[in-house]
Amino acid sequence: MAKKSGSIMFKCSNCGYTQPRWLGRCPDCGEWNSLEEIIIDKNAVSPAGKGSEQAIKQKPVNLNTIKAQGNSRISTGIEEFDRVLGGGATKCSAVLLGGDPGIGKSTLLLQTLSSISNQTPSTLLYISGEESAAQIKERADRLGLKTDGIQILCTNRLEDSLDAMDALKPSFIIIDSIQTIYSAEAGIIPGTVNQLKYCANEFISWVKERDSVLIMTAHVTKEGSIAGPKSLEHMVDTVISFERNADDIRFLHAQKNRFGSVDEIGIFSMTEKGLIPVQDPSSLFLTKRNALQPAGVVCTPVFEGSRVFLVEIQALTVPAKASISRIYSEKIDSGRVARISAVIEKRCGLVFSDQDLYVNVAGGIKLSESSIDAAIAAALYSARTDLPINSKMCVFGELSLAGEIRPVTKAKQRIKAAETLGFTNSICPEKDTSSIQVLDIKSLIKSVFNK
């Protein structure tokens, strides 16, 4: 009689013997207490990640009996990459890396595998659905990378990838990219919603039962978001975005991280030898000038994770070309710029309603923390009045709708970082020996512009 889908059976964990009732001793191999309850389900997925008609019935356990993983991270050998991951790649985890075409995703991951193979002898697997093995080898030779211990598999079929993973049992797996992998179970066209969810689930299920790390690269849309269903980002443990500015600088930051902070940022420089971590990024976003600092430019210290960067905020105001003024701001939220300009107009009487506002951040880094409010206000005032700001002065603080300059976290570290880079005055709400304390927008304008 055929077994119904969803029926309960008992399977011997020693020999695999199956029968419909529980017994204390297996009739086939004679092992005691080896029969486990399983569910017969044609749609079940086994822990190994492959389709199966049998799935072990899971039961709740007391959380106190669970042992936390120790030494559960694998260092990538690249300091900036480890920083973004939270101290290294966590075992039994899946990472999704998204970025524009040609930004250097494959280069970064190939460098990562080479660095890991130099540290510890282990099996590493690179599955490519976009490039041939010869192309990957040429890149490795061009970058001068050692490829001992790296296994390469060029295929688009999910089944070939899982077979290779079962045979090699690699500790680190790269899928480049998940949009190129397909399975006959979900159709024959790669990149569809069903394919992405099905293939990603198979890969993730495989690594969850082993001390392996999975990194999948992903295509992005023209808006910069990861292509495909949003559920793909929910399925993985870490989502990392790879971005660039107009120069050869690359930014790596986590949008989601179950094992670390999402505030850290990794900075790389693209060279002929690949992606090189920027050793001292503190002054990377400052413009070196021989002449006086122009109007509309102000420097501010910002925290990205555990590091302080000095960045340059630039503002420009011109008469509106239409009846309604517009705000152009790509690296800072335009709503924030509108709010700050409204506060200046209300509290200081400087009109912005007839102006088009342009705000930019030198170096192309995106800023979101509240400490940059005072710097934006100073830059807008400087641009509107054409009064330059002292180049040895930096400004930070949160601006309220009432015109108050509110304190921000880690003010002393910001002041110290500014001093290290040669800034003699810090205009901020913090009272310090090397800072000028301001408590509202009017005192900020008086301190910065002597007005």
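Where is the place of Ser400? Ser400 sits in the loop between strand 21 (398–399) and strand 22 (405–406); helices (H or I, at least four residues) and strands (E, at least two) are DSSP runs, numbered from the N terminus. The model is predicted, so local features need pLDDT of at least 70 and side-chain atom pairs count only at pLDDT 80 or more, while totals for chains, interfaces and linings use all residues. Residues are numbered from 1 along each chain as its sequence is written, and side-chain values use heavy atoms, with hydrogens and water left out.

Ser400 is buried, at 14% relative accessibility. Buried means under 20% relative accessible area, exposed over 50%, and partly exposed in between (1.4 Å probe, protein chains only). Leaving aside residues up to four places away in sequence, Ser400 touches Val343 and Arg406, a contact being heavy atoms within 4.5 Å.

Charged pairs come next. Side chains of opposite charge can pair when their charged atoms come close. The whole structure contains 20 salt bridges, each a side-chain nitrogen of Lys or Arg within 4 Å of a carboxyl oxygen of Asp or Glu.

One of them joins the side chains of Glu79 and Arg83, at 3.6 Å from N to O. Both residues belong to helix 1 (residues 79–85) and are 4 residues apart, about one turn of the helix. Glu79 is exposed, with 51% relative accessibility.

Another salt bridge pairs Asp237 with Arg258, whose closest N and O atoms are 2.8 Å apart. Asp237 is in the loop between helix 6 (231–235) and strand 12 (238–244), and Arg258 is in the loop between strand 13 (249–257) and strand 14 (265–271), so the pair ties together parts 21 residues apart in sequence. Asp237 is buried at 2% relative accessibility, whereas Arg258 is partly exposed at 47%.

Glu369 and Arg414 also meet through their side chains in a salt bridge, 3.1 Å from N to O. This pair links distant parts of the chain, 45 residues apart: Glu369 lies in the loop between strand 19 (355–361) and helix 8 (373–385), and Arg414 in helix 9 (residues 411–420). Arg414 is buried, with a relative accessible area of 1%.

The cysteines form 0 disulfides, a disulfide being a pair of cysteine sulfur atoms within 2.5 Å. Cys299 is buried at 4% relative accessible area, and Cys394 is buried at 0%.
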